[in-house]
Amino acid sequence: MERSFRSFSFRLSRRILIVMLLSMLFISGTVFYFAMAAMKVQANMHYVDITEITNDKVDVILSAVEVSAANNVNEIEQNLTSPEQVFKALENELRINPHIIGLAAAFVPDFFPEKGRWFEPYVVQRDSNRYEKLEIGSEHHDYLHSPWYKKALAEENGYWSDPYFDDTGARMMLCTYSLPIHDQTGRTVGVFAADVSLEWLTEQLHELDVMENNHGLIKAKVGDKQHASYSFIISRTGQYIVHPERKRILTGHFFDYGDSLTNNSYYQLGKNMLAGKSGYSRAKVDSINSYVFHAPLRRSGWSMAIVVPMFRLIGPGIAIGLLLLVVIAVGLIAVQLLCFYTIRRATRPLSYLAASAGEVAKGRFDAPLPELSHNDEIRLLRDSFENMQTSLAQHIRQLTDTTAQKASLERELNIARGIQMSMLPKTFPPFPERTDIDVFGQLTPAKAVGGDLFDFFIRDEQLFFCIGDVSGKGIPASLVMAMTAAQFHTLSANENRPDLIVSAINEAMSQHNDSLMFVTLFVGVLNLATGRLDYCNAGHNAPILIAGNRDIPTENGEPLDVVPNVPIGVIADYPFALQQTTLVPGTTLLLYTDGLTEAENEQHALFDEHRVFESIGQLDNASPQQLIEHITESVHQFVGAAEQSDDLSMMAIRYQ
């Protein structure tokens, strides 16, 4: 006869509920009584001290920026020999001062004649390993009439600007500390500016808030608002510089929050802070009755405040803490004594099942399970656990085999990637002893290994170079890439004509191309003495010519005139055409694979050629490395979170 089902959770919950209800009635009544008495406890002096301590700590933070700026301006003044030296000094100083987001040197008109009226080199830290150099001075960014520039020239001891949003260089909210720059004769020749991110300053003050709130643990809820103390800073004009609600920073004014017409205490608090007074006031801040402890920041003229909700002042206290501790301890002891016997009897089967589960956790999937007499949830759990043992043992065996296979494949792919990347040039600049040529290349495979290639070397005062794209991706493409790269290096060691090099590679591949793969390839030979460029194109994208003085027909560069021909490996004995042109000094030749123009974003739109030319047009007289890094960044911004669809290779050659 089947026994009736009785819910284990119901039986256990009913017993615990009765015991806990009686205990909590007593504890709640006691806590309520003493909480009402403890509401009279005030701790004003505590927060006055914290205000002074926080003020000192913020002063230390700002002082650190000022000391760093004073040291940095000395380094800049010793490197006024050229714009390049200024840029180098700015970057060096920024690298050793991680608390500064950007450094700039704004020079007086025509200090460097070749730079014209405005020259403001700026170096900004984009992330932990990338620093971007910019020239932001222009007619549209006329720093000569900016308040921070004029103030810094007039004040020898430095000047803290009010916060602002920098849309030219750092593209974030900043505060700037400025100092005048003097040349060796003592003449003022510009202004040195150290930018501090308001986000960073907010984080510094937030750390102090977390310390005050015991690492964020002392919080109480009334309705849907959290009552925790916090700090904020306002500028000389009342703008929020630092606030836990980031949306208020630079967009909100102190008097915009709180009805100053009906809330006289809030209005008076704002007047006192703008007047640079210290003290504390009781006011309704963001609809919460609070005490506000405020003091001026001595270095910058700003004012800092700590907002402490009334709840924080009347809630915690030593007396009420001790009383609650005693009451809760007594209550827990009583609950333990009353519930111990009942819960122990009800949960004894669980202890047996837990012991068996512990054995399974050690890997003994055949561990015996307890036999149970009750037909309840524990019995169902026991039967389910038995089924799980069988399934888990089978799954572990399958997972072990799969993991071993995957690990082996990943090791092989990593080895293949290392071999492939080792075949490409990886030392840049490749010819540091030469001033007539500068080359930079970069390959980003879509998978662990890819089918793109580029190579270059100098022989007999001629630069031999190539770039190619194998059809397909992955391991097959990487093998063809390796073979093509090896053949280029071998053939060009003795042959000077690009068309003959391409023809020889085509013949070799056409004879053994059972997989029907092909390679688009561009091969060039540049005479470094005359600038004559011999080249042969085998179905590849036309390179782009970029003149250093922008005297070519299109401002952003123009495609090199190429005969398309057919890719390598398609037709044996194909007559590849040889072409020639002459590069004038200062010309840059940009070569790339279709992974650049066919890069897709999440909407499946292509980066295409017009965006390539648009990206080139954003630079002026850039080095090959700067050009490729800028285009790469443009592609990353366009693609966003979309997965890379094809291998991407670029190589830039600047003929000096």
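Valine 124 stands opposite glutamate 132 of strand E3. The structure is a predicted model, in which local features require pLDDT of at least 70 and side-chain atom pairs count only at pLDDT 80 or more, while totals for chains, interfaces and linings use all residues. Residues are numbered from 1 along each chain as its sequence is written, and side-chain values use heavy atoms, with hydrogens and water left out.

Strand E2 (residues 121-127) pairs with E3 in the antiparallel sense over six bridges, and a hairpin of two residues joins E2 to E3. Strands (E, at least two residues) and helices (H or I, at least four) are DSSP runs, numbered from the N terminus; two strands pair if DSSP finds at least two bridges between them.

Of the 45 lining residues, the closest to the pocket centre are Glu132, Lys133, Leu619, Ala622 and Gln626. Two or more lining residues come from each of helix H3 (83-95), strand E3 (130-135), strand E15 (437-444), helix H13 (608-617) and helix H14 (624-639). H14 gives the most, with nine residues. A pocket is an open set of points on a 1 Å grid over the protein atoms alone where a 1.4 Å probe fits, with protein on both sides within 12 Å along at least five of seven lines; lining residues have an atom within 4 Å of a point.

A separate open sheet has five strands in the order E16-E17-E18-E19-E22, with antiparallel pairing. Strand E16 (452-459) and strand E22 (579-582) are at the edges, each with a single partner strand, so one side of each lacks a neighbour in the sheet. The twist averages 15° from one strand to the next, where axes are lines fitted to C-alpha atoms, for helices over the stretch in contact, and angles run from 0 to 180 degrees between N-to-C directions. Nine bridges join antiparallel strands E17 (residues 462-470) and E18 (residues 519-527); threonine 520 in E18 is the bridge partner of aspartate 469. Helix H10 (residues 474-492) packs on this sheet, touching E16, E17 and E18, and its direction makes about 15° with that of E16. Contact means heavy atoms within 4.5 Å.
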